[in-house]
Amino acid sequence: MLVFYEYTKEEMLDFLKSQAPHAEIHVQDAVSQQHAANGRATNTMEGQLLAYVAVSDTDDIKGVLKTARKFHLPVIPQSGDTSTIIGSDGIDGGIILSTAKLNHIKKISPDDGIAVVEPGVINGDLDKAARKQGLFYAPDPASRPISTIGGNVATNAGGMSTVKYGATKDSVLGLKVILADGRELTLGGQTYKQAFGYDLTQLFVGSEGTLGIVTEITVRLLPIPVGEPVTGIAFFKNMVELSVAVRDLRMSGIAPVMLEALDSKTVVALDKFENKHYTNGTSAMLIFKLDAGGQKSLDIAKKSLLNDNATNIEVTTDPQKSAELLKLRQDMLPAIFINSNHIMEDMAVPLSKLAEMMDYISKVGDDLDVNIYTAGHAGDGNIHPSLLWSKDEPNPPAKIIEATRLLLKKTLALGGTISGEHAVGMLKNQWTNAELGFDVDEIQHAVKHLFDPMGILNPKRKIN
């Protein structure tokens, strides 16, 4: 097809450099290639980025957005580049706008119980800084050592402590955001309560960079609980029995901070990976943690577990032993992915449907002869079944795709969501109508158009 372009690539790059003079700009080099496709979601692009731009200030961001509006270019916001759902991979001819260099903790206020940070701050670094002042930052995704607060806000990341402390949205009090047209908004604030106007702060949490560029985040910090934390493990005949035990622990009043489930296949893989002997190969494992409540809470937990047929219950207050038990959950992914290609799903169901969903996952694996390892944040109904296939096949076989479709459809049928904490990106943006319904789907697109009428911000992500 013959097309007469008004501007050359060189002219667009010259304009970009003039508008973002403080930014680090990479064009068709190792850095731009590394971040164009992060290797976690997709490995290649059909074409090339125009540029990878690591901004140093808000003026750089406004300059990138002005360039994008002038030349009608897609802008892909990125910070830690750890997306697993093709949420921040490059788009042909687009500009990756990286906020990784905006990585300063501006303020930690113990008196107010808040922190003010830039989007490039690493989640774990914020938590460590807060703990030096007797506070902690609750959201703890598995990617805590590498993921940024900005990325966590973009995806509304969850984690192992969500069962007690909530996901990222429950800790965000305020944001500063630059819209596609260059306007800078201050949303929310530094108070725990705020009831004035529409809640635009929470609209941007989980928006995956499709509505604006977050430049500052105010989050709630909590005091470190008093007493010795207790970490434990218990085993069950299967994931269905484990799910019942999780329900009873949640309803016992002891408020566990963590309730993590690993099916028997995953525990076997962990034993092999770590050279341990936690299972006989037929038991599902529950990892639990209490960060408050003392001996009374521990006694209630033990009684509840025994009533639900738990075996081999082991508890500890020793920090080193506790770290070993928690490492089982952290090592889950390398243990099961070591010799296979995989799809790791991320659905959440109502807690009353958790046992039924666990049973259905097992049935799909048996019916389609698909190797499925199931784990997840059982305390909040968030399940991560991983579907594995041979390393010799780069693309998933048809039975893997069919099994995934069945699991997503069952999740929706049970009143759940097909994205509990990993967001949507491009992997699931064809399911917006199925999950949200036709009317809400249309309203979502209307909201997108209101904030980004030219459609330049992370197009085709979140909603299609």
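The following questions and answers concern a predicted model and set its values against the definitions behind the terms.

Q: Why are α8 and α13 called roughly antiparallel to each other?
A: The axes of helix α8 (residues 239-250) and helix α13 (residues 354-368) cross at roughly 165°. Angles over 145 degrees count as roughly antiparallel, and α8 and α13 are therefore described in that way. Their axes come within 8 Å, and α8 passes α13 in a right-handed crossing.

Q: What makes the contact of α8 with α13, and how do its residues divide by class?
A: From α8 come Met239, Val240 and Ser243, while α13 supplies Leu354, Ala355, Met358 and Asp359. Contact requires heavy atoms within 4.5 Å. The residues of this contact comprise five nonpolar, one polar and one charged. Asp counts as charged and Met as nonpolar.

Q: Why are α13 and α14 described as roughly antiparallel?
A: The axes of α13 and helix α14 (residues 398-413) cross at roughly 160° and come within 10 Å. The cut-off is an angle over 145 degrees, and the two helices are therefore roughly antiparallel to each other. Their crossing is right-handed.

Q: Which residues of α13 and α14 meet?
A: On the α13 side are Glu356, Met357, Tyr360, Ile361, Val364 and Leu368. On the α14 side are Lys399, Glu402, Ala403, Leu406, Leu407, Lys410 and Thr411. The contact of α13 with α14 has eight nonpolar, one polar and four charged residues. Glu and Lys belong to the charged class.

Q: How do you know that α1 and α3 are roughly antiparallel?
A: The two helices pack at an angle of about 150°, with their axes 8 Å apart. Roughly antiparallel applies to angles over 145 degrees, and α1 and α3 are therefore given that description. α1 passes α3 in a right-handed crossing. Glu11, Met12, Phe15, Leu16 and Gln19 in α1 meet residues of α3, including Asp59, Val64 and Phe71. The contact of α1 with α3 divides into five nonpolar, three polar and four charged residues.

Q: What makes β1 and β3 the edge strands of their sheet?
A: This open sheet of four strands has the order β1-β2-β4-β3, with mixed pairing. Both β1 (24-26) and β3 (75-78) pair on one side only, and they are the edge strands. From one strand to the next, the twist averages 20°.

Q: How do you know that β2 and β4 pair?
A: Two strands pair if at least two bridges are found between them. Four bridges join strand β2 (residues 51-54) to strand β4 (residues 95-98), and the two run parallel. Alanine 54 stands opposite serine 98 in β4. Helix α1 (residues 9-19) packs on the sheet, touching β1, β2 and β4, and its direction makes about 5° with that of β2. Helix α3 (residues 58-71) touches β2, β3 and β4, with its direction at about 165° to that of β4.

Q: Why is one side of β5 and of β9 left without a neighbour in the sheet?
A: The sheet is open, with five strands in the order β5-β6-β10-β8-β9 and antiparallel pairing. β5 (105-109) and β9 (184-188) stand at the edges with a single partner strand each, so one side of each has no neighbour in the sheet. Neighbouring strands are turned by 10° against each other on average, direction ignored.

Q: What makes β6 and β10 a pair of strands?
A: Pairing needs at least two bridges, and four bridges join strand β6 (residues 114-117) to strand β10 (residues 213-220). The two strands run antiparallel. Valine 117 stands opposite isoleucine 217 in β10. Helix α4 (residues 123-131) lies across β5, β6 and β10, running at about 40° to β5.

Q: Why is the meeting of lysine 164 and aspartate 291 called a salt bridge?
A: The N to O separation of their side chains is 2.7 Å. The definition asks for a side-chain nitrogen of Lys or Arg within 4 Å of a carboxyl oxygen of Asp or Glu, so the pair qualifies at 2.7 Å. Lysine 164 is in helix α6 (residues 162-165), and aspartate 291 is in the loop between β14 (284-290) and α10 (294-307), 127 residues apart. The whole structure has 22 salt bridges.

Key: Residues numbered from 1 in each chain as written. Predicted model: local features only at pLDDT ≥ 70, side-chain atom pairs only at ≥ 80, totals over all residues. Heavy atoms only, no water. Axes fitted to C-alpha atoms, helices over the stretch in contact; angles between N-to-C directions. Parallel < 35°, antiparallel > 145°, perpendicular 65-115°, else oblique. Left-handed = near helix turned anticlockwise from the far one by under 90°.
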